[in-house]
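Dear colleague,

Please find the structure we discussed below. My notes on the contact between its chains and on its salt bridges follow.

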There are 2 protein chains.
Amino acid sequence: MRNIKLTISYDGTDFWGWQTQPGYRTVQETLEHAIAETTGKRSVLRASGRTDRGTHAVGQVANFYTTCKLDCETFRKAIDFRLPEDISLPDIQDVAISFDANKDAKRKRYRYVIDDSPQGNPFMRRYACRSRFRLDVPKMLSASRPLLGRHDFHSFETGWPNRLSSIRTITHLSVNRVGDLIWIDVEADGFLYNMVRAIAGTLINVGRGFWPEEKVSEILLAEDRTVGGPTAPAHGLYLMRVTYD
Amino acid sequence: MRNIKLTISYDGTDFWGWQTQPGYRTVQETLEHAIAETTGKRSVLRASGRTDRGTHAVGQVANFYTTCKLDCETFRKAIDFRLPEDISLPDIQDVAISFDANKDAKRKRYRYVIDDSPQGNPFMRRYACRSRFRLDVPKMLSASRPLLGRHDFHSFETGWPNRLSSIRTITHLSVNRVGDLIWIDVEADGFLYNMVRAIAGTLINVGRGFWPEEKVSEILLAEDRTVGGPTAPAHGLYLMRVTYD
């Protein structure tokens with residue numbers, strides 16, 4: 001038996017998210033189908049985590065068990081050949097039989113992309129959240145500083161209580177302008193439901209001048225979702241990478 | 001009466017091309033509707049030329065007459081506000097009453113984009129033609145040299161005879177690799193129907209090693225569409241800019 005680790009890239013536009021749901025086109029279902037066509041046997045994929053409907057991935061990670069004997073690059077090509085154009089497999093590797101893409105994930109990195117160009121970029125409408133207000137990036141960066149480190153992020157999660165704890169550690173949070181786009185990059189040891197989108201919605205409110213910088217600390221301390229910013233739309237969000245030991 | 005020149009950018013994915021066709025969503029119809037909502041009066045747009053279904057534009061140009069008195073930037077914003085996200089107006093200008101976006105166009109520049117990455121880029125599937133073969137860019141560039149200058153491009157046009165002449169002058173033709181993408185840039189004093197897509201299809205056949213470089217000269221001299229390469233798909237094509245005196 002082999003344990004195979006996949007790195008997966010997908011355009012979330014036409015998927016109902018990662019997880020298999022009867023009657024809907026999902027990334028998991030599409031991938032499992034392509035793998036079954038390749039190996040002749042159905043395998044269940046274990047992902048680092050779900051992504052929502054419309055959310056993209058550059059480096060999602062999942063693993064599955066198989067008895068297929070193809071070498072990794074041939075295996076990768078064979079699965080890739082059976083995949084639609086909105087999913088690709090940049091990498092495939094043999095890993096220890098004990099590896100679990102979900103439980104072993106040490107850190108994840110997400111990027112939230114905003115287009116605040118005066119005219120809007122028609123080619124980015126599925127790949128960035130549009131802001132009709134020009135955003136103040138240095139102010140957003142400065143406002144985001146209190147979020148760094150270990151905190152209870154309950155004010156930035158949807159659907160509480162659904163976890164043992166809302167405490168997470170953000171190890172990296174940057175806000176950069178890249179041409180007419182703004183990238184909010186967040187890395188943490190784990191994420192709550194809608195956490196990055198709630199952080200993005202909050203920082204957008206600061207960047208457009210609707211809220212003062214200090215508001216972010218207040219929201220964090222309130223531990224109350226209703227005081228935070230709106231959940232920014234899914235199509236601006238990318239799962240960039242998952243780090244393992 | 002004012003004559004207004006618009007520069008228009010659109011993602012062609014969800015349009016049935018530029019030109020108004022009853023029952024279909026086209027760029028012309030969508031723009032004319034937004035202009036009518038702004039000015040209160042229907043104006044007919046005159047474009048530099050049509051683009052096909054699925055073809056994109058970064059710098060399409062069109063003009064229309066109006067009695068609307070808004071200054072250009074206010075006018076631009078007012079129309080833009082009524083446009084869907086897949087069209088934008090980077091620029092709007094007052095021009096001489098005699099200006100005609102179609103007849104006065106001196107040169108047009110198109111870009112054809114190909115993704116020949118080993119895995120394919122899911123985010124480019126609507127914006128680049130996918131090649132499963134890695135392409136030899138220096139060979140494509142070298143093969144394209146005979147196309148420069150004034151020639152009968154009948155071997156690179158669809159639906160002949162529909163013009164007075166198939167003679168055109170290509171003033172610029174470059175082939176560049178930009179990361180995992182290939183850009184074929186073509187500028188000419190005018191283009192025949194499907195001309196850039198036929199040139200791209202021909203150069204792709206050379207780049208993948210299916211045809212020798214010399215084949216391009218033979219095709220050009222044959223003045224016969226059936227000997228040229230296939231018409232590459234519309235979603236890799238961009239109208240980049242139109243030059244006027």
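**Interface and salt bridges**

In this predicted model, chain A and chain B bury about 2,200 Å² between them, with 51% of that area on carbon and sulfur atoms. The contact draws 28 residues from chain A and 28 residues from chain B.

The same surface serves both copies, since 100% of the contact residues of chain A recur in chain B.

Between chain A and chain B there are 10 salt bridges. The interface also has 10 residue pairs in polar contact, both residues being at pLDDT 80 or more. On the side of chain A that touches chain B, the elements giving two or more residues are strand 1 (2-10), strand 3 (56-66), helix 2 (72-81) and strand 4 (87-95) of chain A. Strand 4 of chain A gives the most to that side, with 4 residues. By class, the side of chain A that touches chain B comprises 12 nonpolar, 6 polar and 10 charged residues.

One of the salt bridges pairs B:Arg125 with A:Asp86, with 3.6 Å between the closest N and O atoms.

Over all chains, the count comes to 40 salt bridges. In one of them, the side chains of A:Arg197 and A:Asp52 meet at 3.2 Å, N to O. This pair links distant parts of the chain, 145 residues apart: A:Arg197 is in helix 4 (residues 195-207) of chain A, and A:Asp52 is in the loop between strand 2 (46-47) and strand 3 of chain A. A:Arg197 counts as buried at 14% relative accessibility, whereas A:Asp52 is partly exposed at 22%.

A:Asp116 and A:Arg177 also form a salt bridge, at 2.9 Å, N to O. A:Asp116 lies in the loop between strand 5 (107-115) and strand 6 (129-130) of chain A and A:Arg177 in strand 8 (residues 167-178) of chain A, so the pair ties together parts 61 residues apart in sequence. A:Asp116 is buried, at 2% relative accessibility, while A:Arg177 is partly exposed, at 32%.

In chain B, B:Arg76 and B:Glu73 form a salt bridge with their closest N and O atoms 3.1 Å apart. The two are separated by about one helical turn because they stand 3 residues apart in helix 2 (residues 72-81) of chain B. B:Arg76 counts as buried at 4% relative accessibility, and B:Glu73 is partly exposed at 38%.

Finally, salt bridges that share partners join A:Asp11, A:Asp14, A:Arg25, A:Asp86, B:Arg125 and B:Arg126 into one network.

With kind regards

How values were computed: Residues numbered from 1 in each chain as written. Chains lettered and ligands numbered in written order. Predicted model: local features only at pLDDT ≥ 70, side-chain atom pairs only at ≥ 80, totals over all residues. Heavy atoms only, no water. Contact = heavy atoms within 4.5 Å. Buried area = accessible area lost by both parts, 1.4 Å probe. Salt bridge = Lys/Arg side-chain N within 4 Å of Asp/Glu carboxyl O. Polar contact = N/O pair within 3.5 Å; in protein donor to acceptor, adjacent residues only side chain to side chain. Nonpolar A, V, L, I, M, F, W, Y, C, P; charged D, E, K, R; others polar. Buried < 20%, exposed > 50% of the residue type's maximum accessible area, 1.4 Å probe, protein only.
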